[in-house]
Amino acid sequence: MTGGSALAAALGVLRRDLLLALRRKSDALAPVFFFVIVASLFPLGIGPEPDLLRRIGPGVLWVGALLATMLALARLFAADYEDGTLEQLALSPEPFVMLAAAKVGAHWLVSGLPLIVAAPVLALQYGLPADTIAVLVASLLLGTPVLSLVGAIGAALTLGVRGGGLLVALIVLPLYVPALVFGAGAVDANLAGTGAAAHLSLLGACLVIAGFFAPWAITAALRIALE
Amino acid sequence: MLAATALECIRGDRTLFSGVSFELAAGAGLLVQGANGAGKTSLLRILVGLSPPAVGEVAWEGRPIRLLGEAYRREVLWCGHANALKDDLSALENVRAAAALAGRPIGEEQARGALERAGVGAQADLPARSLSQGQKRRTALARLLFARAKLWVLDEPVAALDAGGVEWLAAALDRHLESGGLAVVTSHQPLATGARFEMLKLGA
């Protein structure tokens, strides 16, 4: 078996999931709309108090992004599970772990990347300065893949369980806490002038660990769900 | 080639079947029959390696399949009762995605050819959502035409197929067995294949 064919199969899965998202634009755009709405309602609700908004901005934006990535989690594997595609993935001669990672990659491209694009614009509402916005984008770039990877473990564990959507949230939210703390912390630290490097490094470490271990956990959980 | 020894399947606290053993040589087919709930699908899922048996072992060329992993999966084509089609993709895209997943990407021409022969050539560019049940089944079974897998494991392949579809499938099975392939099939209807299928009755 060559690595090339495994990569080709994984890219095939990625391509298919992106194509499906393209065919269902309203579903695919839901997370970014949710993010925009949440992040826009806070300034309206709190009123024009620049200092307060700048204080809460990083936290609100990060919590908004975190909840937005959760929206599509419940369906991440459920659709494939119901129509039998997941069995085909599990029985593919290519490594299941690569294919599962490709699905997580597609999830991030569809519901993580647009958040990062929208974040700078939303950050302006909170009066964050330009260099802080750069740190926000960097923290989201490192953090949202962690959210997708960890969230996918929860989605795989709750596959086929009734009320799985709520269960995913219960399983995944505690695991999201490190990413939230370091992510929002990085932006806060930049605002406070202490430098964001430490927080971003920790966030990067989270990404490395999640990137390495999460696909294995996901495939193990999926295999159990398929039994 | 494929050997099952003393397979037992337990669902919840109910034993679906126990002591199921058989051996299939190259070019042989096995028709699994049994009442609803006798465990036909469970047996097939054990054979392809989706679920482990409670007791017993499945071996391919003398080696247990749980040790073979990807090497075994390369030899197997599984067609469950779910069609594994994406409603939002066209029949053509579905077939090509399935081929890529099986580790053998095919071009558009080849995919069209397979759909043509499966009798859904005219529907190749329609989204799978708009196909009838029988046409969906034919699209799912079109994978048989370009797969290189030695062992076909088909769960109720003729469900929803019309007479022409059943005939087409029987011919495909015949060709597969003649060329030295193996097949394990469940069906409530007779398969009408020329090749002789051994029978395995579950729950009898």
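Let's start with the domains. The assignment for chain B gives domain 1 as 1-75 + 149-204 and domain 2 as 82-143. Those bounds come from an automatic or database domain assignment.

A word on the model. It is predicted: local features need pLDDT of at least 70, side-chain atom pairs count only at pLDDT 80 or more, and totals for chains, interfaces and linings use all residues. Residues are numbered from 1 along each chain as its sequence is written, while chains are lettered from A and ligands numbered from 1 in the order in which they are written.

Back to the two domains. Their centres, taken over C-alpha atoms, are 23 Å apart. In chain B, 10 residues of domain 1 are in contact with 7 residues of domain 2. Contact means that C-beta atoms, placed from the backbone, lie within 7 Å. On the domain 1 side, 6 of these residues are nonpolar, 2 polar and 2 charged. Here Ala, Val, Leu, Ile, Met, Phe, Trp, Tyr, Cys and Pro count as nonpolar, Asp, Glu, Lys and Arg as charged, and the others, Gly among them, as polar.

Next, the chain as a whole. Chain B has 204 residues and a radius of gyration of 17 Å, which agrees with the value near 17 Å for a compact globule of that length. That radius is taken over C-alpha atoms, and the globule rule is 2.2 Å times the number of residues to the power 0.38.

Now the secondary structure. Chain B has 8 helices and 9 strands. These are DSSP runs numbered from the N terminus: helices are H or I, at least four residues, and strands are E, at least two.

Which order do the strands of the open sheet follow? E6-E7-E8-E3-E9 in chain B, 5 strands with parallel pairing. Pairing takes at least two DSSP bridges between two strands. E6 (76-79) and E9 (197-201) of chain B are the edges, each pairing on one side only.

Zoom in on one pair. In chain B, 5 bridges join E7 (residues 151-155) to E8 (residues 182-186). B:Trp152 has B:Ala183 of E8(B) as its bridge partner.

Last, chain A. The contact takes 23 residues from chain B and 25 from chain A. On the chain B side, H3 (70-73), E6 and H4 (91-101) each give two or more residues. H4(B) gives the largest share, 4 residues. By class, the chain B side has 14 nonpolar, 4 polar and 5 charged residues.

Methods. Two residues are in contact if their C-beta atoms, placed from the backbone, lie within 7 Å.
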